[in-house]
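Take a look at the protein chain shown here. What can its atoms tell a reader who is new to structures?

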Amino acid sequence: MAVKHTYQSPTANDPTKEISSTRWNEAHTIDAGTVTLAMQADMATASVVYRKTTGSGAPEVQTLATLKADLGLTGSNSGDETAAGVLAKLLTVDGAGSGLDADLLDGLSSAAFATAAQGALAASASQPGHTHAQTDVTGLVTALSGKQPLATVLTNTTASYTTAEQTKLAGVATGATANSADATLLARANHTGTQAATTVLPSGGGTLQDYVGFSTRAAFVTWASGKTPSVGTRLSAGGYAYRYTGSGTAISDLAGWVPFGTPTVMHFGAAADNVTDDAVAFNALAAYLTASASALGSIPAGSYRLASSVTLTTGGSVSVNWALYGEGKRVTKIYVDFAGAGLGVFNLDATTSTGPAFGNFSVHAHSNRASTDILPTVIKAAKIGNAFITKIHMPSVYYRGKLLQCGALANVRFEGIESFNAGYSFAYKDTGAALFSNVGAALTSDTAIFSAGDVGKVFNFSPSGYVSGSGATGSSTYAQAVISAYIDSTHVTLATVPSVDVTGCAGMFEAARVSGSSGGTNLQANAACFRTDHVGAQIWVSSPSSTDRMQVVTITAFVDASNVTISPALTATVTAQEFCAPVMDIGDGTAGNDVQFDDVHIELFAGVALGLNNHTLMRFVRSKIHGNFPADASRITSALGWIFNGGGAWDGGSIADSVVRGEAAWRFFNQRAQNFVFADYYGTYNENVPVWKLGVIGGGTAPYTFGGVVVNGANLRTYFAPVLANLFSDANATQRFQFTGFLLNQTALATSVSQAAFGWGNTGSGTNIGDWDTTTTASGVYNFSVATTGTRPTMYASSDFGTVEVRRYSSVHFVQTAIRQGAAITPLMVWRTYSNGTWSTWRQVVDDVTGAAFTSTLKGLVPASGGGTTNFLRADGTFAAPPSSGTTSSGKAYARQQGLGAI
């Protein structure tokens, strides 16, 4: 540019400046910032500098109006615009509907946009074309579940279909039946094809497999908790079926469920492992059966441990018809793990129990029990009626149990009952550790066993091996004697000399004896024989022989080893009498009747096998009772049976095979009008005691022709003593013992029975028969008199007297022959028979017959050659006229008494 410069002279402050004259048109460069606004002089107000003229050239000064016009601005010349106005102008450029204003970018504030400082938020910001899973949005899956868009064919925008409903609609086949009745749709015949079992489910929750069954009961209990299936639902668990009733607590841990079909102890939680206590399950089943009249319960095969009693009925008078059976006495086994003389394994504790039946199981002592325990009674009841008890096996390993204890039985059938090594006795003194030898009357023990109190006691000993019959000198070496004198603790003297000397053999004393006063509640024994566990035991006590009665009492308290308290009080004074605890104890049953025992087997018992008190019509068929003779004195066999005020029958091939240690094999006390009949009876090995011993008659007047023992078809074998030697002691009426078909082996009858007792060989007055119609009189010769009742022979006057002979073949077949006697009357012999309950008519025995004269009207016998025309029977069977005289001469015919009557 051309610049006019004016040069000045240099000054002291700036010596570099040049001093020159004015100069023009020199080219110079203007430094930045040197041209100021102040240098632009003469600029008019409201003017702007810009070139408007076309082409290049100098800048031009323009006015604001010109500028406004050039910019296309309208309005006032002031240049101010409202926001709306500015927006309106901007919209003409950005397009309508953008929503652009001064604070938003495309309608959003700057806060809506991610920045780099925001890190992850910016990185995760949605980008064009980017998608997310439904689960990325909280609640979206739930909100969309089951929803679907409306099909285009649907116009009803309010309808809503779930996915499941759409699936159903899609599965409907073309032409499917519409609006059919439920019966048609449910009928199996209207459908083909198959359906998966898993799609068929009952109500109440769970899966189909739950209802099909559970392998264990425990799994079922867990599943059933809290579930309420439909009433009637059935399922199985552990092989047993259940039914849901919806109410009740029959099964404690399965509320609402009851056994379906036969209820078993397994339904009620029994484990049958011989370890778990199954008593709770047994009691629960018993309660269920009691509440369900006419019900059958089952004890499946297994081993059941019972740590307490099972109560079959409770209180009052119970009349039910339930039955409880195992699956067999060899496979259903009950192990008793509790002890006590007064306890029972199965208790029928109601006043009267009518109709129960049970059996088919065995009862054992659990291995937890000690050998000294008194095991509970298997069946313990107050009264049982109309019952059936069968196939109970009691193979106890100890002599410490009882098979049955019952107050009364009426119409009860026992069948297949077995008891081995049961019962317990009260030994006088334990001789198990001692061996004995004798030379004559001197008896020596190798152990200090004797005392002064042993004098008068019965002592028994035998060679080693006696029990098996293999003694060195034979079975006759058995010895029994009374101790007559005490020498020292190892030596005594015997009252009688044994038949053989023995060395080093086993021996034992008689059973202990007890004493007590009438009205007293204390029993004092002559030996230390009681223990604390005897409390609760029911024992039978024999009264003195003068009255020969029996009492049943319970031991209530232990005082010491030879002293106990009893209840009820004694009704008579007892002095040194027998007492026992029976294996089958049926006591105090005044109303008992019609009880039968079939195939009852009581083997190797201690005490007394059968105790029958106040019962009639007892019948034992095909039964066996076998005692024992062990060296252990605590196992003394007292008797096969004690019977008081009772009758019955022992028949059908029964066996009483015993070595008896009491007063007799069979003891009868206070025998009344009932007979006890032994038929087809086999008895062996009785040791110096009678087989049958009768007590006094309990009522009536002389001659006591009712009540007694009838023995028919008995086979008795004894190796040791006369079988019936003491039969008629204890004030017996001799005619009450009758026997026929008797067979005694190895002992002569003459040495066993006094024939004079039956009139044979009697040189004094005979016994009065009392009643012509007596059917139980033993064979023998008796008297009759004006006082004899019954069917008197028609030929005899009421004042006649004489003798009667009874000849028996059996209990139902015998002949009765009588002859009247006296100086003022003519002897006349008559006879009749008794057979199977029927008497024949009396018939006269004729000694001298004189024939009557035959007449034309009285027919008679004539020789075949006789004459005549009519009326007389000839020997050839034709009728003829009488001889010429019309009469026959007198003749004699003789009929003599031969054997059983007249011919």
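This report goes from the whole chain to single residues and pairs.

## The chain as a whole

The model is predicted. The protein chain has 903 residues, and 40% of them count as buried. It holds 9 helices and 63 strands.

How do contacts span the sequence? Take contacts between residues at least 6 apart in sequence. Of these, 65% join residues at least 24 apart. The accessible surface of the chain comes to about 44500 Å². Carbon and sulfur atoms account for 56% of that surface.

Which residues make a nonpolar surface patch of about 290 Å²? They are Ile30, Val35 and Met39. Ile30 is found in the loop between strand 2 (23–27) and strand 3 (47–49). Its relative accessible area is 43%, so Ile30 counts as partly exposed.

## Aromatic pairs

A search of the whole structure finds 35 aromatic pairs. One of them is formed by Phe220 and Tyr242. This pair is tilted, with 4.9 Å from centre to centre and 50° between the planes. Phe220 lies in helix 8 (residues 217–224), while Tyr242 lies in strand 6 (residues 240–244). The pair therefore ties together parts that are 22 residues apart in sequence. Are Phe220 and Tyr242 buried or exposed? Both are buried.

Phe597 and Phe620 form a stacked pair. Phe597 and Phe620 are both buried.

## A ring cluster and a charge over a ring

Ring pairs can also link up into a group. Here they join Phe214, Phe220, Trp223, Tyr242, Tyr244 and Trp257 into a cluster. Phe220 and Tyr242, the tilted pair described above, both belong to this cluster.

Elsewhere, a charge meets a ring. The charged end of Arg832 sits over the ring of Trp839. The distance to the ring centre is 3.6 Å.

## Salt bridges

How many salt bridges does the structure hold? There are 19. In one of them, the side chains of Lys329 and Glu418 meet at 2.9 Å, N to O. Lys329 lies in the loop between strand 13 (323–326) and strand 14 (332–336). Glu418 lies in strand 20 (residues 418–420). The bridge therefore ties together parts that are 89 residues apart in sequence. Both Lys329 and Glu418 are buried.

Asp533 and Arg531 also meet in a salt bridge, at 3.1 Å, N to O. Asp533 is partly exposed, with a relative accessible area of 25%. Arg531 is partly exposed too, at 27%. Another bridge joins Asp599 and Arg622, whose closest N and O atoms are 3.4 Å apart. Asp599 lies in the loop between strand 35 and strand 36 (601–603), and Arg622 in the loop between strand 38 and strand 39 (624–626), so the pair ties together parts that are 23 residues apart in sequence. Asp599 is partly exposed at 33% relative accessibility. Arg622 is partly exposed at 45%.

One network links Arg305, Asp337, Arg369 and Asp373.

## Backbone exceptions

Most residues other than glycine have a negative phi, and most peptide bonds are trans. Some places in this chain depart from that pattern.

Where is a peptide bond cis, with omega near 0°? This bond runs from Ser567 to Pro568. Pro568 lies in the loop between strand 31 (563–567) and strand 32 (574–577). Ala576 is found in strand 32. Its phi is near 50°, a positive value in a residue other than glycine. Ala576 is partly exposed, with a relative accessible area of 39%.

Asn836 is not a glycine either, yet its phi is positive, at about 50°. Asn836 sits in the loop between strand 54 (829–835) and strand 55 (838–839). Is Asn836 buried or exposed? Its relative accessibility is 56%, so Asn836 counts as exposed. The cut-off for exposed is over 50%.

Note on methods:
Residues numbered from 1 in each chain as written. Predicted model: local features only at pLDDT ≥ 70, side-chain atom pairs only at ≥ 80, totals over all residues. Heavy atoms only, no water. Patch = residues over 30% accessible without salt bridge, like charges linked within 9 Å, V, L, I, M, F, W, Y side chains within 5 Å. Areas by Shrake-Rupley, 256 points an atom, 1.4 Å probe, with all protein chains shown as cover. Salt bridge = Lys/Arg side-chain N within 4 Å of Asp/Glu carboxyl O. Helix = DSSP H or I, 4+ residues; strand = E, 2+ residues; numbered from the N terminus. Buried < 20%, exposed > 50% of the residue type's maximum accessible area, 1.4 Å probe, protein only. Contact = heavy atoms within 4.5 Å. Phe/Tyr/Trp six-rings, centres within 6.5 Å; stacked < 30°, edge-to-face > 60°. Lys NZ or Arg CZ within 6 Å of the ring centre and 35° of its normal.
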